[in-house]
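Subject: Structure handover

Hello,

Please find the structure below, followed by notes on what was found in it.

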Amino acid sequence: MSSRDSEAGAAWRKRSYDAWNRLVAIHRAYHDGNDVQFGSQIQATRYDGLTRRIARATTNTPRDIHKHYVYAGQSVVHVQFHNSSTLIRQMVLACPGPLAPG
């Protein structure tokens with residue numbers, strides 16, 4: 001896993017990437033005088049075996065949210081947004097075929 005540092009205004013972020021160069025985590029970071037060190041994780045992303053993003057969680061922020069993605073082939077067809085206990089919103093983005101036999 002590789003990582004890259006960035007400075008967004010006064011807030012440092014440390015981004016981590018997997019072997020396929022996909023973003024897998026973002027941490028708050030701080031500079032200790034010599035190097036940038038990891039702080040709390042604020043985002044995590046998971047992928048399936050077909051390299052599709054299946055989940056993204058944003059935590060340790062004023063508005064924590066989790067997103068779950070459902071696919072039909074390579075197309076996202078459904079996204080759920082929720083916090084730790086409540087479904088906030090669902091979106092159906094596409095329908096790959098008829099909903100009912102007809």
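Thr 51 sits in the loop between strand E4 (36–47) and strand E5 (53–58); helices (H or I, at least four residues) and strands (E, at least two) are DSSP runs, numbered from the N terminus. This is a predicted model, in which local features need pLDDT of at least 70 and side-chain atom pairs count only at pLDDT 80 or more, while totals for chains, interfaces and linings use all residues. Residues are numbered from 1 along each chain as its sequence is written, and side-chain values use heavy atoms, with hydrogens and water left out.

Backbone in the loops

Most residues other than glycine have a negative phi. Thr 51 is not a glycine, yet its phi is positive, near 65 degrees. Asn 21, also not a glycine, has a positive phi of about 65 degrees. Asn 21 belongs to the loop that runs between strand E2 (11–17) and strand E3 (23–31). With a relative accessible area of 47%, Asn 21 is partly exposed (buried means under 20% relative accessible area, exposed over 50%, partly exposed in between; 1.4 Å probe, protein chains only).

Strand E4

Val 36 lies in E4 and is buried, at 7% relative accessibility. The C-alpha atom of Val 36 is 9.0 Å from that of Arg 13, and the two residues are 23 apart along the chain. Leaving aside residues up to four places away in sequence, Gln 43 touches Leu 23, Val 24, Ala 25, Ile 26, Arg 56, Ala 57 and Thr 58, where contact means heavy atoms within 4.5 Å.

E5 pairs with strand E6 (residues 65–72) in the antiparallel sense, over 4 bridges; two strands pair if DSSP finds at least two bridges between them. Ala 55 has His 68 in E6 as its bridge partner. The hairpin of E5 and E6 has 6 residues between the strands, and Asn 60 in this hairpin takes a positive phi near 55 degrees.

E6 also pairs with strand E7 (residues 75–82), again in the antiparallel sense, over 7 bridges. Here Val 70 stands opposite His 78 of E7. The hairpin of E6 and E7 has 2 residues between the strands, and Gly 73 in its turn has a positive phi of about 70 degrees.

Regards
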